[in-house]
Amino acid sequence: MSKHDNSKAQNRGFAGGGLGGHNGMGSNDKAKDFKKTWGKLIRYCKNYMPVIVVALIFASLSAVFVIVGPDKISTMSDEILKGLPNLVNGVPIVGAIDMDAVVSIGMLLVFLYASSLIFGLIENYIMATVTAKISKNMRSDISQKINKIPLKYFDKTSYGDVISRVTNDVDTIGQTLNQSLDQLVRAVTLFVGSMIMMLITNWIMALTAIGASVIGFALMMVIMSKSQKHFVAQQQGLGSINGHIEEIYSGHNVVKVYNGGKNAKKTFEHINGSLYESGWKSQFMSGLMMPLMMFIGNFGYVAVCVVGAALAMNGTITFGVIIAFMIYIRLFTQPLTQIAQSMQQLQRTAAASERVFEFLAEEELPDESQKLQKLENIQGNVEFKNVHFSYEKDKLVINNFSAKIAAGQKIAIVGPTGAGKTTIVNLLMRFYEIDSGEICLDGVPTHQVSRENVHEQFCMVLQDTWLFEGTIKENIIYSKQGVTNDEVVAVCKTVGIHHFIRTLPHGYDTVLNDQTNLSAGQKQLVTIARAMIQNAPLLILDEATSSVDTRTERIVQEAMDKLTHGRTAFVIAHRLSTIRNADMILVMKNGDIIESGNHTELLAKRGFYAELYNSQFEQSA
């Protein structure tokens with residue numbers, strides 16, 4: 001398996017070191033990818049699209065009510081100006097303010113702005129609810145996808161990168177749907193609506209305002225076209241840095257022991273530097289929008305004031321029109337900033353969505369719902385018939401492997417690193433599919449029944465003692481249904497861990513976490529108890545004693561002997577002294593069985609097994 005693991009490590013290193021793999025794409029390709037990805041996202045959200053459309057209509061209506069306001073403010077201003085002193089032939093004339101008209105317009109403005117607020121709140125509630133459900137569904141789909149993807153996918157992808165897709169990428173999509181999408185609709189409505197209202201009010205001043213904003217709009221489009229690649233690189237960088245941190249943290253003891261901190265830090269700094277580069281560029285370009293639009297807006301104010309003053313002097317427009325245009329300039333230029341920011345967020349979301357949909361589109365294990373045959377009450381007879389297997393094409397790992405094992409036998413698989421020992425077990429449990437040949441349980445080929453049914457026939461104890469945060473009882477029972485407390489206690493007494501559990505503060509209800517310290521041997525005994533409670537007819541022991549000391553090994557070995565009783569057991573071990581009592585020992589080298597027999601027979605042959613055994617004996621001596 002080490003050959004496989006080495007390949008996995010190399011692939012992980014590659015995944016962690018490279019960023020911005022799409023930076024070389026042309027602008028046309030990026031535009032196509034942007035549209036294609038958003039098309040996928042829209043199709044994914046199709047069940048919620050009617051509700052989203054309703055919410056966006058509310059957002060648009062909220063903006064419409066705001067657009068109508070300046071026209072009414074213009075009318076109110078003209079009414080107020082009628083009451084201000086005017087010079088007629090040098091004589092000041094004071095008019096009367098029509099307060100009824102002012103109050104009426106004021107009440108209408110209150111209604112308009114209150115309606116805008118209400119529609120905005122309704123839209124916000126709808127979008128917050130819908131996006132939360134979409135994010136929830138997306139995470140659920142990714143979680144279900146993980147269970148359907150072949151293990152070979154994780155051989156070339158770091159766990160941190162997968163986690164980043166579940167967290168960072170899905171959060172980015174949710175934030176965009178909740179905030180940027182409705183902001184974009186509001187901005188477009190304000191932009192188009194204010195432009196129409198300006199043209200209706202006075203076309204000369206409207207053209208002045210539009211002309212002042214064209215420059216900013218052109219610059220905005222240029223910036224947007226340059227920034228997409230940096231958002232793509234940023235999302236890829238987040239996945240890479242998560243993968244690196246996950247690997248270094250999970251192996252921090254090894255990093256410390258081998259003084260690998262400097263190298264780990266150097267790799268982290270490289271990835272972090274690339275992420276900084278892409279993050280800085282994307283955020284800098286996104287940040288250019290606000291000062292640029294502020295300048296364009298202020299420039300528009302100046303242009304409108306100058307042109308408006310000239311038109312007012314000629315009597316073409318009233319002073320109220322100038323006031324209205326001052327507001328329209330804000331409503332016209334501000335959406336440009338919002339549109340730019342929304343488009344930047346949409347680009348980032350396109351990059352995040354592509355990563356999510358790329359994962360969801362990965363090749364799945366074949367559907368086996370049509371396989372109705374089931375393995376039930378099997379004895380434990382196992383047969384390998386001319387099995388060939390390779391992790392990668394043209395790189396054969398198992399070559400024409402054949403073996404026949406009777407029920408209840410203890411089979412030891414030994415051989416040098418990379419011989420294919422763990423691979424044999426993975427194929428037996430259908431973690432991987434064989435290239436050719438056949439594996440049978442009680443005469444039934446495993447490929448004729450579902451994987452879940454195959455897994456139900458096995459219990460497993462590995463070198464890595466996987467325990468989750470929960471009580472000791474929950475860790476022992478795990479997914480087994482209908483297990484009583486008496487059964488758990490009986491199993492723990494059998495493996496010899498009952499007394500230790502009783503000494504813990506809460507006994508079997510003690511929660512295993514960072515504050516609960518268990519030795520390697522105690523953890524292994526818990527996993528043995530878990531395997532025993534499953535009560536499956538076949539057992540896998542993969543280097544189960546390699547991480548414990550000699551005294552603990554004897555305790556664990558006694559527990560494993562009780563566990564193997566009455567079961568067909570496959571034992572993978574480097575310590576050959578632990579498998580001398582095996583009914584059959586399969587000696588593997590380069591994916592082939594080169595010797596088979598019991599311990600005494602193999603020693604008598606003076607072959608490869610004898611050489612391995614004697615070398616270990618000499619080393620221990």
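## Helix 4 against helix 6

The axes of helix 4 (residues 99-148) and helix 6 cross at roughly 155° and come within 10 Å. That angle makes helix 4 roughly antiparallel to helix 6. The crossing of the two helices is right-handed. The model is predicted.

A salt bridge joins Glu123 to Arg186, with the closest N and O atoms 2.9 Å apart. Glu123 sits in helix 4 and Arg186 in helix 6, so the pair links distant parts of the chain, 63 residues apart. Glu123 is buried, at 1% relative accessibility. Arg186 is partly exposed, with a relative accessible area of 22%.

## A salt-bridge network

The whole structure holds 12 salt bridges. One of them pairs Arg451 with Glu368 at 3.2 Å, N to O. Arg451 lies in helix 13 (residues 451-455). Glu368 lies in the loop between helix 11 (319-360) and strand 3 (382-392). The two residues are 83 residues apart in the chain. Arg451 is buried, with a relative accessible area of 7%. Glu368 also counts as buried, at 9%.

Arg430 and Glu433 form another salt bridge, at 2.8 Å from N to O. Arg430 is buried at 5% relative accessible area, whereas Glu433 is partly exposed at 33%. Shared partners join Glu368, Lys371, Arg430, Glu433 and Arg451 into one network of salt bridges.

Val188, Val192, Ile196 and Ile200 make a nonpolar surface patch of about 330 Å². Ile196 belongs to helix 6 (residues 159-201). Ile196 is partly exposed, with a relative accessible area of 42%.

Terms used:
Residues are numbered from 1 along each chain as its sequence is written. This is a predicted model: local features need pLDDT of at least 70, side-chain atom pairs count only at pLDDT 80 or more; totals for chains, interfaces and linings use all residues. Side-chain values use heavy atoms; hydrogens and water are left out. Patches are made of residues with over 30% relative accessible area and no salt bridge: like charges are joined within 9 Å, nonpolar side chains (Val, Leu, Ile, Met, Phe, Trp, Tyr) within 5 Å. Accessible areas come from the Shrake-Rupley method with a 1.4 Å probe; for residues, only the protein chains shown count as cover. A salt bridge is a side-chain nitrogen of Lys or Arg within 4 Å of a carboxyl oxygen of Asp or Glu. Helices (H or I, at least four residues) and strands (E, at least two) are DSSP runs, numbered from the N terminus. Buried means under 20% relative accessible area, exposed over 50%, partly exposed in between (1.4 Å probe, protein chains only). Axes are lines fitted to C-alpha atoms, for helices over the stretch in contact, and angles run from 0 to 180 degrees between N-to-C directions. Angles under 35 degrees count as roughly parallel, over 145 as roughly antiparallel, 65 to 115 as roughly perpendicular and the rest as oblique. A crossing is left-handed if the near helix is turned anticlockwise from the far one by less than a right angle, and right-handed if clockwise.
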